[in-house]
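Please read the following note alongside the sequence and the model. The points are numbered for reference in discussion.

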Amino acid sequence: VLRAEVRRTLFAQVRPGDPEDLVGGDTYSRLTNRRVMSIGEVTVDFRSHPALEQIDFFGHLWGGNLPGAETLSQAEDALQDAVDAVMLNPDQIDGFSAIFDEILAQDLPALYQGIVIGGEEAEEVRILDNSILDALQGVHVGQSRRDQPADERLRSNLVAIEGNTIYSRITPAINREAYGVYVGNCDSLLVIGNRLRRQPLASTAHLRMDGVHVAGALGRRVIIRDNEVMRYHTRVNADIVYGTDIYVDPDTDLQNPLWLVADNVAARIEVANADPRVLVDRNLTG
């Protein structure tokens, strides 16, 4: 079980790769933390832990003897077997033992979801004055139904998320994005006076985690105000940043809405496509 958890940190999300992306046998993007490489006759694309690139982990994985994979499934199995073999004998690749030990030490307990509002309808939702500790997702509000068509949007009506304290933790066993507060498709939204803080773990610093994440079909009023949102982004350099403290991504053609992000303490605020309808004002950033 422990090997499976650590393996998901070392590599995850295996999918077919484009052979044209290969340069000299393999490529790695620090922007996406994804590696493209050939395994037998198959080109694969997967997310890789950035620390592995510093020791050329995948270059040493088979010692030059690649398996003869002919399908994506065979390639993924070969990758899994090879990584498992190294975990059983970490010293066979120089520098891996230190990475392995750090991941094991930081594979801490975590709450998957704190408060979740789902289902097909949510006329009025008030999430007030809670304390949520060590959660991958603190508060999640999103409507859906089984066999829902791809173009159908189920929306919350009135949502107020106020006065909550959320301590977020994303651990090595997790291989997905995470949020302190997530709201999707909402007619009227208030996110006010909350305090959110992410626990910094070096082994998961490359995994995106947003503090407040609001996206989808938004109605006439969205107010994100008076929140303290800290440590949700990791900056690698001027061009590479993982995660953000407050993220807003409206997906609607509504004109002249009241969409306001103001008076927050948040080091990084991001509005998708720099949407001019979202007013970002008087925030303490930087």
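Predicted model: local features only at pLDDT ≥ 70, side-chain atom pairs only at ≥ 80, totals over all residues.

1. Two strands are said to pair if DSSP finds at least two bridges between them. Strands (E, at least two residues) and helices (H or I, at least four) are DSSP runs, numbered from the N terminus. In this structure, β6 (residues 124-128) and β8 (residues 156-162) pair in the parallel sense over 5 bridges. Arg-126 has Ala-160 of β8 as its bridge partner.

2. Residues are numbered from 1 along each chain as its sequence is written, and side-chain values use heavy atoms, with hydrogens and water left out.

3. In a regular strand the side chains alternate between the two faces of the sheet.

4. Which residues of helix α5 are buried? In this helix (residues 96-105) they are Phe-96, Ile-99, Phe-100 and Ile-103. They lie on the same side of α5 because they cover an arc of only 100 degrees around the axis, the arc being that of the directions from the helix axis to the C-beta atoms. On the other side of α5, Ala-98 and Ala-105 are exposed. The cover over the buried residues of α5 includes α1 (2-10), α2 (50-53), α3 (57-60) and α4 (72-88).

5. Rings of Phe, Tyr and Trp (its six-membered ring) pair if their centres lie within 6.5 Å; planes under 30 degrees apart count as stacked, over 60 as edge-to-face and the rest as tilted. By this rule there are 6 aromatic pairs. Phe-96 and Phe-100 are stacked, because their ring centres are 5.5 Å apart and their planes are at 20 degrees. These two residues are 4 apart in helix α5, so about one helical turn separates them. Phe-96 and Phe-100 also belong to one aromatic cluster with Phe-11, Phe-46, Phe-57 and Phe-58.

6. Arg-7 lies in helix α1. Its relative accessibility is 14%, so Arg-7 counts as buried. Leaving aside neighbours within four places in sequence, Arg-7 is in contact (heavy atoms within 4.5 Å) with Gln-80, Val-83, Asp-84 and Met-87.

Notes:
Buried < 20%, exposed > 50% of the residue type's maximum accessible area, 1.4 Å probe, protein only.
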